[in-house]
Amino acid sequence: MSRWKTALCLLLLAALAPLLPRLRGVLPTNRQALIEAKYGGWSGVLRLWVCEGWQPGSGSFAGWLNRCVAAFEKRHPGVYVQAESVDAATLSGWDEGGLSPDLLLFPPGVLASPRNLAPLDAPESLRAGLRRAGDWRGACCALPVAMGGYAVLRSSAEGDCVAPEDDAFHRRHTALRYLPAQAEAPESSARPVLPELDLGLPASAQSAGADWTVSADAWKDFANGDAAGLLVTPRELRRLEALSVQGRGPDWRLASTSRFTDLLLFAAVSAQGDAERQALGAAFAASLLEDACQGELYRAGAFAVTGATSGYAAGDSLGAMEAMLREAEPVAARAFGME
């Protein structure tokens with residue numbers, strides 16, 4: 001039987017022999033040409049500088065960002081996004097010489113202006129109130145890609161409602177002024193310790209923080225049961241949850257949220273690269289707003305800036321906080337300061 005098979009194979013080869021010259025002209029002989037056709041276009045490394053500024057619930061955006069980067073690289077073979085953590089001083093001085101990034105992620109107020117940043121298209125999927133947060137003189141120069149917020153927690157303890165002091169990335173006094181009226185603290189003998197600033201806010205917003213006390217020990221006071229209410233971010237809420245797991249801290253409930261937020265993460269693209277690098281940078285920034293990335297923000301303990309859900313499981317307190325934040329249009333801090 002094997003001899004018959006061998007003979008049949010030889011006959012088939014003999015019949016195909018006259019066709020080989022024709023096939024040589026049809027089939028490509030240069031493998032490099034095939035590779036270049038498949039991976040055509042720009043390839044290389046896009047440098048991404050990340051200045052988080054404020055901490056999301058998990059403490060960092062790294063896990064969420066790594067997933068989004070991996071998905072982008074998979075869709076763009078030959079393109080790699082190299083993320084590097086930098087501080088605010090490095091980011092604010094990036095255009096003064098030296099090696100510059102192709103992409104930036106940053107919180108509000110770090111960049112005074114969008115000098116050397118490329119204009120971007122703001123998608124309609126961005127929530128109302130956030131669409132113009134990255135504008136500069138009528139042009140979109142940065143896209144909000146993630147956000148946090150401020151919430152009021154209440155306990156059964158006696159005492160004041162307290163808020164931590166402001167810092168470079170948290171304007172809590174403004175968040176207090178955008179609380180709903182029912183979130184005001186009960187009357188207290190303590191005088192308010194809020195800055196006397198004219199923020200140009202409506203009277204109802206300015207009165208909302210009237211009975212709050214600002215203190216460097218606010219979080220500790222609430223955790224020890226010495227305060228009736230606390231203004232928190234997602235990070236502080238997660239810290240209180242960790243105490244509860246250990247059987248410590250007060251029993252608390254989520255009471256309300258503030259419309260104001262300066263807990264935003266913006267994406268921007270450098271205008272110093274060539275056209276292809278800029279186009280890929282803009283594509284990466286846009287990819288962070290797709291449902292696939294926005295739906296993974298629960299990994300960071302942050303919230304979506306589009307209509308997508310952030311992926312929180314039922315019963316998660318941050319999921320409840322996000323739902324409350326969506327009940328009203330946000331009042332967002334701007335990406336850039338004044339020149």
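Helices (H or I, at least four residues) and strands (E, at least two) are DSSP runs, numbered from the N terminus. The model is predicted: local features need pLDDT of at least 70, side-chain atom pairs count only at pLDDT 80 or more, and totals for chains, interfaces and linings use all residues. Residues are numbered from 1 along each chain as its sequence is written, and side-chain values use heavy atoms, with hydrogens and water left out.

The protein chain holds 12 helices and 14 strands. Of its 339 residues, 44% are buried (under 20% relative accessible area; exposed is over 50%, partly exposed in between; 1.4 Å probe, protein chains only). Contacts are heavy atoms within 4.5 Å. Among contacts with a separation of 6 or more, 74% join residues 24 or more positions apart.

Confidence is given as pLDDT, the predictor's score for each residue from 0 to 100. The chain mean is 84, and 78% of residues reach 70 or more. In residues 29–39 the pLDDT is below 50, and this stretch has two contacts beyond near neighbours in sequence. Residues 183–209 also have pLDDT below 50, with 55 such contacts in the model.

The largest nonpolar core contains 89 residues. Such a core is a set of buried Ala, Val, Leu, Ile, Met, Phe, Trp, Tyr and Cys residues joined through side-chain atoms within 4.5 Å. Trp-64, Phe-106 and Leu-288 have the most contacts inside the core. Strand β13 (residues 264–269) gives the most to this core, six residues. Beyond four places in sequence, Trp-64 touches Val-145, Leu-265, Leu-288, Cys-293, Glu-296, Leu-297 and Ala-300.

Arg-172 lies in helix α6 (residues 172–177). Arg-172 counts as buried because its relative accessible area is 6%.

β11 (252–257), β12 (260–261) and α12 (317–325) each supply at least two lining residues. The largest share, three residues, comes from β11.
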